[in-house]
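Here are some notes for a colleague opening this structure for the first time. Please read them with the structure in view.

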Amino acid sequence: MIARLAIRYPTQQQTDWLGPIKQAGHLYLPVPLVASTVDPDDEVFIECAVAGQADYMVAGDKGHLLSLKEAGGVPIVSASDFLGILGAPENPA
């Protein structure tokens, strides 16, 4: 994946995300919850967000996740809405 992005964006500086994620990340083992969405493939994401006590769940799935607006007490927002919450520009230069 990184190699494909490097080819697509040859002038962009590569960032090593794996190291910081390993250093700051936490492992949560989700517990199955009562189904919140019609798509069973989405349930694992909701379970992880709830287990990790996420402040937000960012999704692009307009048909299922985003239509819920929240699950297990975790707000579900689009990427553009999340950038707005953070106060970041939608298309940073």
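1. Start at one residue pair: Met 57 stands opposite Ile 76, a residue of strand β3. Bear in mind throughout that this is a predicted model.

2. The strands around that pair are β1 and β3, the latter covering residues 74-77; they run parallel and are joined by two bridges. The sheet as a whole is open and has three strands, in the order β1-β3-β2, with mixed pairing. Its edge strands are β1, at 57-58, and β2, at 70-71, and each of these pairs on one side only.

3. Which helix lies across β1 and β3? Helix α5, made of residues 79-86, does so, and runs at about 115° to β3.

4. Tyr 56 sits in the loop between α3 and β1. With a relative accessible area of 33%, Tyr 56 counts as partly exposed, because that class lies between the 20% limit for buried and the 50% limit for exposed.

5. Another loop residue is Asp 42, placed between α2 (18-24) and α3 (43-51). Is Asp 42 buried or exposed? Asp 42 is buried, because its relative accessible area is 6% and the class takes in values under 20%. Once neighbours within four places in sequence are set aside, the contacts of Asp 42 are Thr 37, Asp 61, His 64 and Leu 65.

How values were computed
Residues are numbered from 1 along each chain as its sequence is written. This is a predicted model: local features need pLDDT of at least 70, side-chain atom pairs count only at pLDDT 80 or more; totals for chains, interfaces and linings use all residues. Side-chain values use heavy atoms; hydrogens and water are left out. Two strands pair if DSSP finds at least two bridges between them. Helices (H or I, at least four residues) and strands (E, at least two) are DSSP runs, numbered from the N terminus. Contact means heavy atoms within 4.5 Å. Axes are lines fitted to C-alpha atoms, for helices over the stretch in contact, and angles run from 0 to 180 degrees between N-to-C directions. Buried means under 20% relative accessible area, exposed over 50%, partly exposed in between (1.4 Å probe, protein chains only).
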